[in-house]
Amino acid sequence: MSDPSTNRPDLDDNTNVITDATAANRENHMFTEGAEPISLWVILGGALIVLVAGGVIGNSFFDFDHFVRKDYVRASAPGAASASTQPKAALDAHMKAGQKAYTACAGCHQPGGEGNASYPPLANSEWVTGPSLRPAMIILNGLHESITVNGKPYNGNMPSMGSGMDAKQLAGVLNFIRNSFGNKSEMLVSLEMAQNALDLSKERNGGQMTANELDADYKKDIEGTPLDPQTMVDPKTLLPVAAAE
Ligand code: HEC
C-alpha cells in the first residue's frame, strides 16, 4: 500500500503470491456462466420423473393389446393341428394305441413278447392268435392255474389288467399282441367288439380265469363286426372316418 500523505512509494508494499494463491484456493471455484455443476437434487428429481413417467407411458401405450388386432386368436402353424387328426389306417392307429397299453404287460411277457421261465410267451401263442374272446377275458380278469402255451406248461398267476381299461385301450392292446412278435391276424378287433368284451366280462363278475373255463365258455370270437386293417380311422378316437372324396 502507498501512503497517501507522503505520496511516495511504500517500499514495504509487496505482494506475497503464495499467501494470495492459498487464500484464493480456499474460496469456492468460480464457474463460467452456463457451465455450473447441476445440483444433486435436480439430478435425483429428474431421475424420479423419468422413472414414473416411463411406468405411466409403458402401461398405457405399450401394453400387449395395442400391438395385436382386436379379437385376435393365435392360430397354430399351418398343418400342425390337422396332422395329428389326419385319418390313419386302422392297423397303424391301433398298433400305436396298443403299444402304449402293452408297456403294462412287458414287465412279465417281455418287450418282445417272448416270455421267460415264469411268464408264458405271447409270440406264436394260440391263446393270443386264436379266437379273440379268450385273450380279451384273460386281460380283463387275469389268469391262474395250469395252462399250456406252445406245448409248455405254466402254472403262474396273472392279475387282472382290466381296471380302468376302456374299449379303445382293450382293442388297441388286443390288436397289438395279435399283430406283433411275428403274430398276424386278418381282421382287427373293433371298438364295438371291445365294448362287447368289456360288457361280457362285467356280467361274469368273477375272479381270475382258468384255461379250462376259457376253453369251455369263451373259445370264440368277440361278438361284433371286425375292422378291416386298411379302414381309415381317426387316430384319437380310433373310430372309422368317412373316406375322403
Ligand atoms: C404280473 C405279470 C403279468 C402281467 C403284468 C401280465 N401278464 Fe399275462 N400272464 C402272466 C402269467 C403268469 C400268465 C400265465 C398264467 C397261468 O399260468 O395260469 C399269463 C398269461 C397270459 C396269456 C395267455 C397265455 C399266453 O402266453 O398266451 C395272455 C394272452 C396274456 N397273459 C396277455 C397279457 C397281456 C396282454 C397283458 C397286459 C395287458 C398281460 N398279460 C400282463 C403274467 C402277467
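**Helices, burial and the ligand shell**

Trainee: In which hand does α6 pass α7?
Mentor: Helices (H or I, at least four residues) and strands (E, at least two) are DSSP runs, numbered from the N terminus, and here we look at α6 (133-141) and α7 (167-177). A crossing is left-handed if the near helix is turned anticlockwise from the far one by less than a right angle, and right-handed if it is turned clockwise. By this rule, the crossing in which α6 passes α7 is right-handed.

Trainee: What kind of model is this?
Mentor: Residues are numbered from 1 along each chain as its sequence is written. Local features need pLDDT of at least 70, side-chain atom pairs count only at pLDDT 80 or more, and totals for chains, interfaces and linings use all residues, for the model is predicted.

Trainee: Are α6 and α7 parallel, perpendicular or oblique to each other?
Mentor: Axes are lines fitted to C-alpha atoms, for helices over the stretch in contact, and angles run from 0 to 180 degrees between N-to-C directions. The axes of α6 and α7 come within 11 Å and cross at roughly 125°. Angles under 35 degrees count as roughly parallel, over 145 as roughly antiparallel, 65 to 115 as roughly perpendicular and the rest as oblique, so the relation of α6 to α7 is oblique.

Trainee: How many nonpolar, polar and charged residues make the contact of α6 with α7?
Mentor: Two residues are in contact if their C-beta atoms, placed from the backbone, lie within 7 Å. Ala, Val, Leu, Ile, Met, Phe, Trp, Tyr, Cys and Pro count as nonpolar, Asp, Glu, Lys and Arg as charged, and the others, Gly among them, as polar. Pro135, Ala136 and Ile139 in α6 meet Leu170, Val173, Leu174 and Ile177 in α7. These residues of the contact of α6 with α7 divide into no polar, no charged and seven nonpolar.

Trainee: How many residues of α6 are buried?
Mentor: A residue is buried if 20 or more other C-beta atoms lie within 10 Å of its own, exposed if 12 or fewer, and partly exposed in between, with C-beta atoms placed from the backbone. The buried residues of α6 include Leu133, Arg134 and Asn141, and they pack against α5, β2, β5, α7, α8 and α9 (211-217). Of the nine residues in α6, the number buried is nine.

Trainee: Against which helices do the buried residues of α7 pack?
Mentor: Ten of the eleven residues of α7 are buried, so this helix is largely enclosed by the rest of the structure. Lys168, Gln169 and Phe176 are among them. Their packing partners are α4, α5, α6 and α8.

Trainee: Is α4 roughly parallel or roughly perpendicular to α7?
Mentor: The axes of α4 and α7 come within 7 Å and cross at roughly 95°, which makes the two helices roughly perpendicular.

Trainee: Which helix gives the most to the shell around the ligand?
Mentor: A residue is near a molecule if its C-beta atom, placed from the backbone, lies within 6 Å of it. The ligand is surrounded by 29 residues, the closest being Cys105, Cys108, Pro120, Gly156 and Met158, and by class the shell has 21 nonpolar, seven polar and one charged residues. Five of the shell residues come from the helix that gives the most, α4.

Trainee: Is Phe181 buried or exposed?
Mentor: Most residues other than glycine have a negative phi. Phe181, in the loop between α7 and α8 (191-204), has a positive phi of about 60° although it is not a glycine. With 22 C-beta neighbours inside 10 Å, Phe181 counts as buried.

Trainee: And what of Asn124: is it buried, partly exposed or exposed?
Mentor: Asn124 lies in the loop between α4 and α5, and its phi is also positive, near 60°. Because 14 other C-beta atoms lie within 10 Å, Asn124 is partly exposed.

Trainee: How far apart in space are Asn205 and Asn141?
Mentor: Asn205 lies in the loop between α8 and α9, and with 7 C-beta neighbours inside 10 Å it counts as exposed. Asn205 and Asn141 are 64 residues apart in sequence, yet from C-alpha to C-alpha their distance is 9.0 Å.
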